[in-house]
Amino acid sequence: MHELTLMQSVLQTVEQDAAQHGINRINKVKLVIGQLTMALPDSLIFAFEALKPGTMFSDASLIIEERHAQCTCHSCQQEYKLDDYFQFVCPTCGSTDIEVEGGKELYIDYYEGD
Amino acid sequence: MKVKLETRLLGANELIAHNNRTIFSNQGVLVINLMSSPGSGKTTILEKTISRLKDQIKIAVIEGDLYTDQDAQRIEQQGVKVVQINTEGTCHLDAGMVSHACQELLADNPDLLVVENVGNLVCPAEFDLGEDLRAVVISVPEGNDKITKYPLVFQRADVILVNKMDLLPFTDFDVARVQKDIGLINPKTKIFFVSARNGDGLEEWSSWLLEQIHAKGRTKLM
């Protein structure tokens, strides 16, 4: 993933929106990141820390909520969380008729500022 | 003050990709995003596929590379229209680049548009171009661990071509393991075992591709 580019677009988006609300300082930014996007929280935090000095984000904290992909097997109705190895096969019955829900989130949830 | 945003990142690319997809659908052109590591044989597969299909359908190509137009020159020799994108360092194509590059190609009303992405198994997987099919090439000398090492690109593939099968006797590449790994990660994907060099498997691949092109093209008439 391109975490630095992503973070630049986070800061830019928040900055533009903050201007419309008359907000000059940001205290907190919250992101939601799905497992399937392969965006790395550690790299996002690193990018945030690297970009924030001297900006309206200089005192802001970054909160990242990670969302797992939730799988449902259509054959045996077993529900399970996708593990780190991306196997789209039911661990109970071996069926590949799997529905995957979530895990593709990649968005700014909210920000706080004054 | 707390401000709820719910703004998607990569949103700009998704918007352009959506736009591309609408344009491709209206034209009834099948668009393939061809991805792989550098050197696994994307361009050679493309040359051989074009030479098999060019008498039956109209083909256009977008070539993505960091530098040079060597690949575009190779494709041009096949007698099809091609536009080269040089990303000058960027490791993937995005929807905006494709949107610019496809304009003059679409004026010709092709049945098939192939976008050959920059050779890279990581970043191209994350950028939707508006394509119908994601085709990923893996080649025998790369080793059979690539599926599990780079899961995203294979997990999102509609079709996987295992190339350089003629080199199989000289390596310890494990075909059964690759099939098993693909089955675990992306059980619905189509797999073709090919050798672009000696032509093995290209007949099956080309026939399948032609079926997809006709299926998409039928929407053009409706």
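Is Lys164(B) buried or exposed, and how many other C-beta atoms lie within 10 Å?

Modeller: This is a predicted model, in which local features need pLDDT of at least 70 and side-chain atom pairs count only at pLDDT 80 or more, while totals for chains, interfaces and linings use all residues. Residues are numbered from 1 along each chain as its sequence is written, and chains are lettered from A and ligands numbered from 1 in the order in which they are written.

Lys164(B) is buried, because 25 other C-beta atoms lie within 10 Å. A residue counts as buried with 20 or more other C-beta atoms within 10 Å of its own, as exposed with 12 or fewer, and as partly exposed in between, the C-beta atoms being placed from the backbone. Lys164(B) lies in the loop between strand 7 (159-163) and helix 7 of chain B. Here helices (H or I, at least four residues) and strands (E, at least two) are DSSP runs numbered from the N terminus. Leaving aside residues up to four places away in sequence, Lys164(B) touches Gly41(B), Ser139(B), Val140(B), Pro141(B) and Ser195(B); contact requires C-beta atoms, placed from the backbone, within 7 Å.

In chain B, 7 strands form an open, parallel sheet in the order 4-3-5-2-6-7-8, where two strands pair if DSSP finds at least two bridges between them. Strand 4 (81-86) and strand 8 (190-193) of chain B are at the edges with a single partner strand each, so one side of each has no neighbour in the sheet. On average, neighbouring strands are turned by 20° against each other, direction ignored. Axes are lines fitted to C-alpha atoms, for helices over the stretch in contact, and angles run from 0 to 180 degrees between N-to-C directions. Strand 2 (residues 30-36) and strand 6 (residues 133-139) of chain B pair in parallel over 5 bridges, with Leu34(B) having Ala135(B) as its bridge partner. Helix 4 (residues 95-106) of chain B packs on this sheet, where it touches strand 3 (59-65), strand 4 and strand 5 (112-116); its direction makes about 155° with that of strand 4 of chain B.

Helix 2 (residues 42-53) of chain B has several buried residues, among them Lys42(B), Thr43(B) and Ile45(B). Its end C-alpha atoms are 16 Å apart, which agrees with the 16 Å that 12 residues should span at 1.5 Å a residue; the expected span is 1.5 Å times one less than the number of residues.

Finally, the boundary with chain A. There, 20 residues of chain B are in contact with 25 residues of chain A. Strand 1 (2-8), helix 6 (151-155) and helix 7 (175-185) of chain B each supply at least two residues of the side that touches chain A, and strand 1 gives the largest share, 7 residues. This side of chain B divides into 11 nonpolar, 4 polar and 5 charged residues, with Ala, Val, Leu, Ile, Met, Phe, Trp, Tyr, Cys and Pro taken as nonpolar, Asp, Glu, Lys and Arg as charged, and the others, Gly among them, as polar. Strand 1 of chain B also runs antiparallel to strand 6 (residues 106-113) of chain A, joined to it by 5 bridges, and Tyr110(A) stands opposite Lys4(B).

Notes
Two residues are in contact if their C-beta atoms, placed from the backbone, lie within 7 Å.
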